[in-house]
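Here are some notes to go with your first look at this one. Have the sequence and the model open side by side as you read.

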Amino acid sequence: MMSLPEYRVAPPDVLIIEAIDNIRHPDSLLMPGDTVFLQVAYGLPWEILTQTDSIDEVRAVIDVERSFKDINGNFLIDFEGNVDLGPFYGTVKVAGLSKEDAKKLIKDHLVASNDLAEPKVSLQLIDINAKQPVGGEHLIRPDGTVSLGSYGSVYVSGMTVDEIRMVVEAFLKPHLNQPQVNVDVLAYNSKSYYVITDGGGYGEQVIRLPATGNETVLDAVAQIEGLSQVSSKNIWVARPAPAGMGVAQILPVNWREIAAEGVTATNYQLMPGDRIYIQADRLIKLDNTFAKIISPVERVFGVILLGDSTWDSFYQIGNQGGGGF
């Protein structure tokens with residue numbers, strides 16, 4: 001047995017694509033449905049700072065202010081893209097912004113609408129996982145692409161597993177943080193070989209089987225549950241030549257050596273595109289051919305004999321009744 005060339009996928013192969021970490025990219029934008037943890041450290045409004053002389057009075061005012069104006073907790077970005085900071089501060093539209101841009105916008109909003117003295121804003125995503133994990137089975141479409149859900153489609157036809165991994169990682173890089181992807185082939189559907197059985201004068205049956213690189217002639221015959229009642233031991237493998245390279249290669253198979261003696265010399269390893277032809281027994285084929293030739297003649301004579309017997313029956317009935325035709 002020899003190893004086949006590195007497998008290159010094609011429609012309709014099925015791939016397994018799994019991202020090891022489905023973590024959002026640090027620069028990914030905030031979206032409706034995200035939950036952020038928001039903290040704001042702020043000074044008092046300028047008018048309070050300028051009108052209050054006593055430290056105790058300032059502390060008392062701070063306690064009162066923060067009792068109903070504190071911003072420290074989880075905030076949901078609603079379906080309109082707004083984050084509600086409470087009845088005193090109002091809402092800020094942050095969907096579509098990066099975390100840094102959202103922090104700056106919230107800070108500017110607090111300064112402009114509430115006249116706070118130099119607020120400091122901290123904003124963190126509660127759930128850093130991507131909205132849609134990358135994983136599972138992926139069918140290669142007729143156009144050679146696989147779908148990665150909300151991230152879009154990637155062209156992979158004609159690539160090896162390692163090439164697909166690099167392409168998918170590069171494609172996911174804007175969406176996931178340092179993506180690492182595992183890729184493997186789940187179903188080898190694009191490469192196949194064929195077993196053709198002669199029906200002994202009644203057509204030929206063609207069975208398509210997937211080629212995974214380890215099949216032999218014996219494996220192929222086992223896949224079709226052995227030789228049929230009309231099959232002979234005359235078997236060969238037809239290996240197509242590359243386009244423009246001449247005729248196909250014919251490899252005769254010694255079935256008795258393979259099956260009864262365990263000799264593997266002609267138990268060829270099958271390649272994608274190979275045809276295994278199982279010829280019918282010549283006597284059975286001759287008998288079936290002869291039957292097809294004489295069958296129409298038998299039918300004609302059968303009709304003639306039926307007509308004669310029917311005529312004789314009517315003739316005898318007529319004579320018995322005293323009449324005639």
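Notes on the predicted model

1. Let's start with Val221, which sits in helix H5 (residues 217-223). Helices here are DSSP runs of H or I with at least four residues, strands are runs of E with at least two, and both are numbered from the N terminus. Val221 has 3% relative accessibility and counts as buried (buried is under 20% relative accessible area, exposed is over 50%, partly exposed is in between, with a 1.4 Å probe and protein chains only). Leaving aside neighbours within four places in sequence, Val221 is in contact with Gly226, Leu227 and Trp255, where contact means heavy atoms within 4.5 Å. Val221 and Ile278 are 57 residues apart in sequence, and their C-alpha atoms are 9.4 Å apart in space.

2. A word on the ground rules. This is a predicted model, so to speak of local features a pLDDT of at least 70 is needed, side-chain atom pairs count only at pLDDT 80 or more, and totals for chains, interfaces and linings use all residues. Residues are numbered from 1 along each chain as its sequence is written, and side-chain values use heavy atoms, with hydrogens and water left out.

3. Which residues have the most contacts inside the largest nonpolar core? They are Leu15 and Ile17, in a core of 21 residues. Strand S1 (14-19), helix H4 (161-172) and strand S10 (181-187) are the elements that give two or more residues to this core. A nonpolar core here is a set of buried Ala, Val, Leu, Ile, Met, Phe, Trp, Tyr and Cys residues joined through side-chain atoms within 4.5 Å. Next, the salt bridges: the structure holds 7 of them, each a side-chain nitrogen of Lys or Arg within 4 Å of a carboxyl oxygen of Asp or Glu. Asp108 and Lys104 make one of these, at 3.2 Å from N to O. They are 4 residues apart in helix H3 (residues 99-114), so about one helical turn separates them. Asp108 is partly exposed at 37%, while Lys104 counts as exposed at 53% relative accessibility.

4. The side chains of Asp198 and Lys285 also meet in a salt bridge, at 3.7 Å from N to O. This pair links distant parts of the chain, with Asp198 in strand S11 (residues 192-198) and Lys285 in helix H7, 87 residues apart. Asp198 is buried, with a relative accessible area of 6%, whereas Lys285 counts as partly exposed at 36%.

5. Where do the partners in the Asp274 and Arg239 pair lie? Their side chains form a salt bridge at 2.8 Å, N to O. Asp274 lies in the loop between H6 and S15 and Arg239 in strand S13 (residues 231-239), so the pair ties together parts 35 residues apart in sequence. Both Asp274 and Arg239 are buried.

6. Gln269 is in the loop between helix H6 (255-261) and strand S15 (275-280). Gln269 is buried, with a relative accessible area of 11%. Its side chain reaches the backbone oxygen of Gly213 at 2.9 Å.

7. Last, have a look at helix H7 (residues 282-320), where Ile304 has its place. Ile304 is partly exposed, with a relative accessible area of 44%. Together with Val297, Val300 and Phe301, Ile304 makes a nonpolar surface patch of about 370 Å².

How values were computed: A polar contact is a pair of N or O atoms within 3.5 Å; within protein, one must be able to donate a hydrogen and the other to accept it, and residues adjacent in sequence count only if both atoms are side-chain atoms. Patches are made of residues with over 30% relative accessible area and no salt bridge: like charges are joined within 9 Å, nonpolar side chains (Val, Leu, Ile, Met, Phe, Trp, Tyr) within 5 Å. Accessible areas come from the Shrake-Rupley method with a 1.4 Å probe; for residues, only the protein chains shown count as cover.
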